[in-house]
Amino acid sequence: MTAPRRAAEARGRWAERLAMVWLSCKGYRLLDHRARTAAGEIDLVATRGAYLVFVEVKARRTLTAALESFGERQRRRIIRAASLWRARHRGFEELHMRYDLFLVAAGRLPQHRRAAWIPETREALDLL
């Protein structure tokens, strides 16, 4: 692994730890971190109220760059991974699924974007 890649990996891990603390302070119950599935990894899985929340954490130089780094392909991967995670972990069937973004940039407060995207029913079904 190259030095820039190691540095980016370290920033990403730091951003995930920040997100875990931030969300815990907001009343989220963390269930999983770096959850691995056949469809890919989910940064954080948590519950709050009636929601099972799948959180993607993005750390970039600016909040705009963090937001722009999250595209349709990643959304689809996370929807698939979330479905696999939920199928493997029983007891969450009654909770609504939600997809959040946690954006981190140097010198700025992080942004937690709840329900950052909502998959269309057809899209979600096509990915199962």
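This is a predicted model: local features need pLDDT of at least 70, side-chain atom pairs count only at pLDDT 80 or more; totals for chains, interfaces and linings use all residues.
Start with charge. Side chains of opposite charge can pair when their charged atoms come close. Along helix 1, which covers residues 3–25, Glu 9 sits four residues from Arg 5, or about one turn of the helix. Their side chains form a salt bridge, with N and O 3.3 Å apart. Arg 13 is also in helix 1, four residues from Glu 9, so about one helical turn separates this pair too. Here the closest N and O atoms of the salt bridge are 3.4 Å apart.

Put together, salt bridges with shared partners link Arg 5, Glu 9, Arg 13, Glu 16 and Arg 34 into one network. As for accessibility, Arg 34 is buried at 17%, while Glu 9 is partly exposed at 21%. Arg 5 is partly exposed at 43%, and Arg 13 is partly exposed at 39%.

Now for His 112, found in strand 5 (residues 111–117). With a relative accessibility of 15%, His 112 counts as buried. Its side chain makes a polar contact of 2.7 Å with the side chain of Asp 100 and a polar contact of 2.9 Å with that of Lys 26. Beyond its neighbours within four places in sequence, His 112 also touches other residues, including Trp 22, Tyr 28 and Phe 102.

Conventions:
Residues are numbered from 1 along each chain as its sequence is written. Side-chain values use heavy atoms; hydrogens and water are left out. Helices (H or I, at least four residues) and strands (E, at least two) are DSSP runs, numbered from the N terminus. Buried means under 20% relative accessible area, exposed over 50%, partly exposed in between (1.4 Å probe, protein chains only). A polar contact is a pair of N or O atoms within 3.5 Å; within protein, one must be able to donate a hydrogen and the other to accept it, and residues adjacent in sequence count only if both atoms are side-chain atoms. Contact means heavy atoms within 4.5 Å. A salt bridge is a side-chain nitrogen of Lys or Arg within 4 Å of a carboxyl oxygen of Asp or Glu.
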